[in-house]
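Good morning, everyone, and thank you for making time for this. Please have a look at the sequence and the structure first, and then I will take you through a few parts of them.

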Amino acid sequence: MLAILTVVCFLGFLAVLTVGRAGDAPVMSDDAFTSAHTTLQLLSISAAMSIFGIRWTSGRLSKSRPDLLVGAAFLTVGLFHLFHVLTYPGLLEESQYATYEISTHFRLIARFVLVGALLALAFLPWRRKAELSDSIFIVLGVAVFVIVVFYVVLVRADSLPELYAEGGGLTTYGLAVSYSCVGLFAIGALRYAYLAGVGKDAMHFYTAAALMTAAIGELSFSVHGSTSDFAHLMAHILEFTSFLILFLALLRESVATPFKTLAVSRSVHQSDLVKLEQKTAEAEKAKLRAQAHLDFLAHDVSNIISPIMSYTEMLLAGDPLTPQQRKYLDIILRQAQMGGIFVTNLRRLATAEAVQPDAFVGIDLVKALRSMEDVLRSTHKTKTISIIQSFPVDTQAVAPGGEHIEDVLFQIIRDAVDEVTDNSVRISITVRKVRDEGGRHMWQVSMTLIGHKFSPEALAEAKIIYDPRRRMGRGIASSYAFYSSIVSHFGGRLRIENVADGDKVASRRVTIELPVVETFTEMSGGD
Amino acid sequence: MVTRIFIVDDERMMVEAFREILRKEGIEVAGWSYDGEDAAHTYAALSPRPDIVIMDHRLPIKNGIEVMTEILKLEPSTRVLFVSADVTARRPAISAGASGFITKPFKIAQLLAAIRTMEGKGAAGNGVT
């Protein structure tokens, strides 16, 4: 639209050259021209002041020195155009300052201020951010400049060269000033056209169009013969048009820019989101691959270790061995067993950690613990197993973790039964609801092997927490390191201690606390 | 009556170890197989049928639970003892009818205790060692 407007203005100039200049004939009466001139000037002043308002505000908000400078320039331009209107002959008849000479001085100074500011904007680097002091200095600068010009043009007018020749249009000096102005507008237009081509910036293109329009308008001004001829009228129309182009461009930019920024931001955000999703999917695949590798590794290592253990055991049970042979075989058996336990536990942890802690997979602790009693009795027939249970009545004790927590509970109890060499095994299992330090409801499962305590070494080893970032050393044989990690994965904690019961019998206790789950779906068996 | 056992494991070294352990204990090994499909066929061809099957889980072609299901269809009184490194197979194996589950690596005493427990049972029952 603005480009079309520029073309129209150019055609208007051609009309000036071909028609207006032909006879310098007035196109309207002086009174009518004064009215038209005042209207056009007031519109130009409105546009200039609006540009000042927008640029100054955005300059303050974005700390942009170019915006502050341009804003201040348009304020100055608006003020000088106001002085131009007020001193234009025919508006204030009684004023001694209402002369074409004074009025045109204000107008030309306004033109130079405008083109000077736009050229400075186009050619200077403007790297530094604006400070508060910049705004103050600029406002003070504008005030001083306006007052000085006002004083010189009104009070010291006699010291200025004459712009008008009586009845013959502009003097040579006037023409020189006007052509200088045209030249500067043209340079500005070319510079902004270049910037528009390089940066594909619409605002630069519109500024180039406005400056070109202003240059044409000034050319029209330079050829006018009388104040009411067509060239003079076109000069003011084109002058207003250039302000209008700048104002519309600025308005468009100030409305469009936030939406553009938002669109770019949204596009970047969506692009980042897509990248993030891709990375997440890749990480998930890598995790699954790592788990599959670990699974196969653990499985195969177990299969390799099993025959070693079996043959070593058979050797130990075979023909009489020398003490040294027995010692070595014992070491082989123990180390193989430790390796087997470690690999099994590592796999157990990896499988558990593959389940999201917040996955809706729970375990009824009471039901699981009750079912273990029968299994233990059937698998340890040579032992008399006595399990003292204290479970909540008429309620399910549901916790997260499903079969992984069930496996941990079973292994802890089975390990305890296996380690007791006596025929009689007494275990106390308590399940109750407690609150942790954070006020969360937790199911607390205490499993006490009565009459048997951890040795200091076993207790210290059992308290080692599995950490893949460091070597486990002696702790690798401790299943509790892994049990603790599995329980922790599901939001709980595991505690190991030696305790003295009421009858002062030393016992070992493993306590597991898990978050209370109100409802649950029991994990289905998988292959 | 002498207990007859059928061994299914894809690790030849492991099968050899089982046979040696059982031989020393005077337990008859009725046969063995190294993959899931062959195991079902071999078992079906045995007469009389074995009392206990020592079953690995991860096998070529068919897994241990699939083979066990076929065997139990053929002979419901057979007790199947899973001996596997795959701890995650414990629950589905027991649910599908396994009489016991031992995790590899194991102690010979564990294996024998499980077999003795099964010998005492007339029908399949759940047990985990």
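Let me begin with a definition: helices (H or I, at least four residues) and strands (E, at least two) are DSSP runs, numbered from the N terminus, and the expected span of a helix is 1.5 Å times one less than its number of residues. Please keep in mind that this is a predicted model, in which local features need pLDDT of at least 70, side-chain atom pairs count only at pLDDT 80 or more, and totals for chains, interfaces and linings use all residues. Residues are numbered from 1 along each chain as its sequence is written, while chains are lettered from A and ligands numbered from 1 in the order in which they are written.

Helix α1 of chain B, residues 12-24, has 13 residues and should therefore span 18 Å, which agrees with the 18 Å between its end C-alpha atoms. Which residues of α1(B) are buried? They are B:Met14, B:Val15, B:Ala17, B:Phe18, B:Ile21 and B:Leu22, where buried means 20 or more other C-beta atoms, placed from the backbone, within 10 Å of a residue's own, exposed means 12 or fewer, and partly exposed lies in between. They cover an arc of only 160° around the axis, so they sit on the same side of α1(B), the arc being that of the directions from the helix axis to the C-beta atoms. On the other side, B:Arg12 and B:Arg23 are exposed. After α1(B) comes B:Gly26, with a positive phi near 80°.

Turning to chain A, A:Ala47 belongs to helix α2, residues 30-62, and is buried because 24 other C-beta atoms lie within 10 Å.
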